Each structure stands twice: as C-alpha cells, then as structure tokens.
Amino acid sequence: MGQKKNSGRKVKDQPIIKIPSIKISGNDIGHLPELIADTCIPSFEEPLLESPLVKENIRIDLSSRGENYLIMVQGSEIGMLSKRNSIRVSECLRLKVKYMGTIVKKKDKYYARFIRQTD
Amino acid sequence: MQGLLGKQISSLFFLDQCLTATGMYMPFIHSDEAKEITKPCYNPHRSNIVTCNDKYIQAFLEEVGGLDFDLELASKLDRIPPYIPIFDYNSLINYELPHDTEYVGITLKDIIKSGFFYRAGTIQESNKIQYRSTLFNSIDLKSKKIILFLSGEDTIIEGVWHKKKHSNFFETLLEMGFYAVAGFNFSLFGGECPFSHALNLKKSLFSSYLLEKYGLKTIPHVYALNQFHIVRWIAWFKQNPSIRYFTTNCQMQKDEIEIKWIVEFISKLLIEIPWLHVILQGFNAGCLCRFGDLKNRIHLTNKRPVKYTMGNKQFTFSVNRSKLIVDAIKLNNQCTNHSNLMSVNVVEYSKYVEAILSKRQV
C-alpha cells in the first residue's frame, strides 16, 4: 500500500500474512494466522430493518442466544445474524478474533457491517 | 504535545518486547530502530506484518534469503522520459492510447482478472487468482513500452505474493511482454516492529531478483523510514552500478512531514549515487521543485491525465505562466472524444511536468 513515517493503516485493507506457501507441507497447514485467514473473512454485512434505533455509523454489539447471535444497539435487539455468520463468529471467537460492528447505509437500506479485529 | 508524549510512553512500553532492541539482527536492523516503536510486536494473528515475535519467523526469512541485501541486479533500461502516464484497465481497452507516448505505466490490480473483490467495506481474497494475460495483444499496445508497477492495496500485494507460484505470476508477466516491472511495494509504517520493515524491504528487493530470474527487466522499489535504511540502500546501489533507476510509491505522502521526508531520503540517495534516477509514483507534481538541482534525475508517474479525462476535464499547459489549466468540457461522442481528450491531456500534462523538472533553480 505504501510508506508512512507515522502509522495510518486503512481499515478496509488489513491482510493476514500467511506463511510462504513453499514452506507449508502436510501437518503444517493449521497455524493460527492461516486458520484465521481461512475462517474469519475480513468483513461481512447483515441487512437490518428500519427502526428508530437504526442509524448510520452507530456502533453495534453482538449477543449470543443459543447458537445464534443477536445484533444489539444500546441493549436493544435490532436484528439477527444468519446461521452461517453466527457459526463464523463463534469459530472466530474461539480463535480469539472479534468482529466490530457499525451500521452503514447503502441505497437507502441499512446494514450491520462487521469488520474483523485482530491483534 | 499530548500526541508526542503518548508516542514516547508507547515507545518505552513496547521497546522491551521488541527483539530488535537487543541488536540480535544487526547489522541489518540497528538496535536504535526499536526506539521508534509505538505498536506492540505481539501480533499472534500476523495482522498486516510479520514481527520479531513471530513463531514462524524463520520461514519468512528463508523465503527471501535472510535480511541481507546480498542480491545482485543487472537490469539496464533505456532512457526513460520525465513523465510516464499510468493507464487503468478500462482506459486501456476502451480508448486509443496517445500515438506519441512511448512509455506507458500500469499497476498490479489492472492486470488481475479475478482473485480479489470488494465486499462489506473491505478488500477480500478468493482462492484463485487469474491474470489478464492477453491484455496487450492488440497492435496498438505492442508498440508501447509498458512498465508494470507492483503497487496497490496490501491485501492484493500480499495475496499475489503468497500465491505467486500457484498462480504462475512471474511466467504470466513474462508472457505479457512488459518492458520492465518494478519490485513489489510492500508497506512500511512508522511505529511498527523494525523487523517488519527490514523484512518488507528485503521482500521487495527479492521480488526484483525473482523478476530478473524469470527474464524480466526490473526497477527496484525503494522505501526508507530512517537513516539506517538509507545507509543500507546506498551501500546496495554502490554494489549494483548497472541499476540506474529505482522507484518509490508516494501515494500516501500527502502531509508536509511525509513529503519532507520523501524529499530528504530520495535526495540523499541521488546525491550519494550520481548515476541514479528515481521514478516517483503519485508524487505531488507541485512539490517536485523541492528536489532543487536533482530534478533532472526525477521522473514522475501517475494516473492524473486518465482520471481527469474520465471526468471530462481538459488540460492546457500555459508556457508563459508555467501553469496547468483545467477546463470542464462537454463531449458529444464519449468514446472517440475521450480518446482524443486522453491524448491531449497526456501531452499537456507531460509538458507541465517537463517544465517543472527542467526549470533552473534561482
């Protein structure tokens, strides 16, 4: 991407660096960063229904209910993750990867956008 | 002031974690480089960079033959003009290129057919990368000298690098017939682990080495964040006298501190190595005069004429005022007229850059 004296990485561009492929053989494939890169995609979105609580750029949280995850704003439920994304979030949590969510608006529709947080 | 204080506290806090502070990677990483750290070296997910704490550090070092700049390059390039326009994929396939422009630039993402996509606000990677290997088969492009700049988003750069073997990257580039290919532009961010800086500098140089190995002419890509990096590059260029050109991606150099540093580090290299020329990618043309008497060894490349053409803007270089005038115009036949407008814009912008670079210092 570039060079900067002062840090300033872009949120949209945060790759996980994988072990050189020539070095991976057989049992070596399951290292943590490689597992994360395969399991935890950089971001995903879920559509939201309009409600007074749904506003652009508002931070959202996830709360587990059984096998599913609810999308919450200030303690109120505003949506639910699909089964696929619920499994993804659970698997990534086990790998100590969280997703941070905000509400985005695209073509007059609202979405919950979750971006992978690694460190 | 608070920012500076915060930086100093972070630096003290993270310094103890950094193995480079012990001097174990000297002479390739000076122990003092660790004093600039403002981010933790603990990075178990290997997000963005490989740090000194990485469990598999050896695999990364082995891939590029260690941190030493002990690679010889011999690419000899013809005389490159002061300005090289960069074209994107759409402009290459839809419009006629200017007839009198011999050199043309293109960046990595424009030769990629599939393998990356933009979704939910981030760049994401798919399993397989495919390249536009037949992009230059048209007669019009065969008459041009096309330089590929391997710059772009980190996700794309690191993704292509990781899959270089499986995607036959170097073989494809050779087949596409580039005149020259610049080394990969692996990122360097201040405050991060100095090991990541040293590894990315070497990765970039190693990518140029691989390009040559596959029969392509290369232009090394050079970044430097501190005096130690500059000293290493000077030593390398002195040992590789056939390399007359290097390139630096300056697209992130927007504020005064960053521009000042680019001018300082490039000037140092050019002063120390009198035969060297630099191709600056995306540098602000208005700041080129800051290179003073070294300007005749500076070359600029960017997408400016293409971007302005797409926005129906026409450039006119005013010789008397040494100024680039931009006018909004109305086009009747978009395709034909965009081709004509592109030619005009490339020619006028080239004149503008040439005028800045040839202007004598008073």
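Which residue stands opposite F117(B) in β4(B)? The legends below take up this pairing after the overall views. This is a predicted model, in which local features need pLDDT of at least 70 and side-chain atom pairs count only at pLDDT 80 or more, while totals for chains, interfaces and linings use all residues. Residues are numbered from 1 along each chain as its sequence is written, and chains are lettered from A and ligands numbered from 1 in the order in which they are written.

View 1. Strand β3 (residues 112–119) and strand β4 (residues 122–131) of chain B pair in the antiparallel sense over six bridges, where helices (H or I, at least four residues) and strands (E, at least two) are DSSP runs numbered from the N terminus, and two strands count as paired if DSSP finds at least two bridges between them. Within this pairing, the residue of β4(B) that stands opposite F117(B) is Q124(B). Two residues lie between the strands of the hairpin, and A120(B) in the turn has a positive phi of about 50 degrees.

**View 2. The open parallel sheet of chain B.** Four strands of chain B form an open sheet in the order β1-β11-β10-β9, with parallel pairing. Because β1 (83–85) and β9 (245–249) of chain B stand at the edges with a single partner strand each, one side of each is left without a neighbour in the sheet. From one strand to the next the twist averages 20 degrees, with axes being lines fitted to C-alpha atoms and angles running from 0 to 180 degrees between N-to-C directions. Five bridges link β9(B) to strand β10 (residues 277–281) of chain B in the parallel sense, and in β10(B) it is H277(B) that stands opposite Y245(B).

**View 3. The largest nonpolar core.** This core, a set of buried Ala, Val, Leu, Ile, Met, Phe, Trp, Tyr and Cys residues joined through C-beta atoms within 7 Å, has 121 residues, of which L148(B), F178(B) and V181(B) touch the most other members. Its largest share, eight residues, comes from helix α11 (residues 334–358) of chain B. Leaving aside neighbours within four places in sequence, L148(B) is in contact with I106(B), I111(B), L173(B), F178(B), V181(B) and A182(B), contact meaning that the C-beta atoms, placed from the backbone, lie within 7 Å. Of the 362 residues in chain B, 44% are buried, that is, have 20 or more other C-beta atoms within 10 Å of their own.

**View 4. The side of chain A that touches chain B.** Here 35 residues of chain A are in contact with 43 residues of chain B. The elements β1 (3–4), α1 (32–39), β2 (43–48) and β7 (109–117) of chain A each supply at least two residues of this side. Its residues divide into 16 nonpolar, nine polar and 10 charged, with Ala, Val, Leu, Ile, Met, Phe, Trp, Tyr, Cys and Pro counted as nonpolar, Asp, Glu, Lys and Arg as charged, and the others, Gly among them, as polar.

**View 5. A strand pairing between the chains.** β1(A) and strand β7 (residues 188–189) of chain B run parallel and are joined by two bridges. Within this pairing, K4(A) has F189(B) as its bridge partner in β7(B).

Methods. Two residues are in contact if their C-beta atoms, placed from the backbone, lie within 7 Å. A residue is buried if 20 or more other C-beta atoms lie within 10 Å of its own, exposed if 12 or fewer, and partly exposed in between; C-beta atoms are placed from the backbone.
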